[in-house]
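Dear colleague,

Please find below the structure that I am handing over to you. My findings follow it.

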Amino acid sequence: MTTLFIDEGKRQGYLLVAATIADGDAGGLRKAVTALRTPGSERLHFVRESDGRKRKVLGELARLGVRTTVMQANGLDDRAARAWCLEQVVEFAAAVGADRIVIETDDSIVLTDNRTLFQALGARDLRERVRYEHRRAASEPLLWLPDAVAWSYGRGGHWGPLVAPIIERVLRNDA
């Protein structure tokens, strides 16, 4: 069984990043990622980390073998871009045999996400095989993985080569 952990970014177009985690690897990876938090912090959140910590975390994620896929929609409004990205997540879930999708919660778009996912899964006859849910990043450390990649990929510049070992593929919609 495999789970896709999803977070967004809004630099260089609209991004959704999917970290692909085999269920058997989740416990150990969750523990390793939790250990990367700054003492006393609730979670790892890249926008709040120092550059040195970001470099250290990206190096550790590469060492741990974290692999992600970036869905990037350019030239669309956020709603259309997110819908396209979520449809790509469903396609990707089917391709890798994922049975679960976990998305970082943004209360303002949960209903729209659910509608998009329900339709996309139905169109591919995957409703019985693939479950999806929204979770808060503070309660699921594996959501910190796509957060780190979305921030770094979206920022570009010298962050590109640092995050590249963690990114397996980039799917683009250049509308």
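I begin with helix H3 (78-96) and helix H4 (110-123), each of which supplies at least two residues of the lining of the second largest pocket. Please bear in mind throughout that this is a predicted model.

The second largest pocket has a volume of about 160 Å³. It is lined by 13 residues, and those closest to its centre are Asp78, Arg79, Arg82, Ile109 and Thr112. H3 provides the largest share of this lining, 5 residues. By class, the lining of the second largest pocket comprises 7 charged, 4 nonpolar and 2 polar residues.

The largest pocket has a volume of about 390 Å³. There are 19 residues in its lining, and Asp7, Glu8, Gly9, His45 and Asp147 are the closest to its centre. Three elements each contribute at least two residues to the lining of the largest pocket: strand E1 (2-9), strand E4 (100-104) and helix H5 (144-155). Which of the elements gives the most to this lining? That element is H5, with 5 residues. Sorted by class, the lining of the largest pocket holds 9 charged, 6 nonpolar and 4 polar residues.

H5 has 12 residues and reaches 16 Å from its first C-alpha to its last, which is close to the 16 Å expected at 1.5 Å a residue. H5 is also mostly covered, as 11 of its 12 residues are buried. After H5 comes Gly156, which has a positive phi, near 65°.

The last item concerns Thr68, which is placed in strand E3 (residues 68-74). Is Thr68 buried or exposed? Thr68 counts as buried because its relative accessibility is 0%, and the cut-off for buried is under 20%. Neighbours within four places in sequence aside, Thr68 is in contact with Val17, Ala18, Ala19, Val149, Ile166, Ile167, Glu168 and Arg169.

With kind regards

How values were computed
Residues numbered from 1 in each chain as written. Predicted model: local features only at pLDDT ≥ 70, side-chain atom pairs only at ≥ 80, totals over all residues. Heavy atoms only, no water. 1 Å grid on protein atoms, 1.4 Å probe; cavity = no way out; pocket = protein on both sides within 12 Å on 5 of 7 lines; lining within 4 Å. Points joined across faces, edges and corners; volume = space filled by probe spheres on them. Helix = DSSP H or I, 4+ residues; strand = E, 2+ residues; numbered from the N terminus. Nonpolar A, V, L, I, M, F, W, Y, C, P; charged D, E, K, R; others polar. Expected span 1.5 Å × (residues − 1). Buried < 20%, exposed > 50% of the residue type's maximum accessible area, 1.4 Å probe, protein only. Contact = heavy atoms within 4.5 Å.
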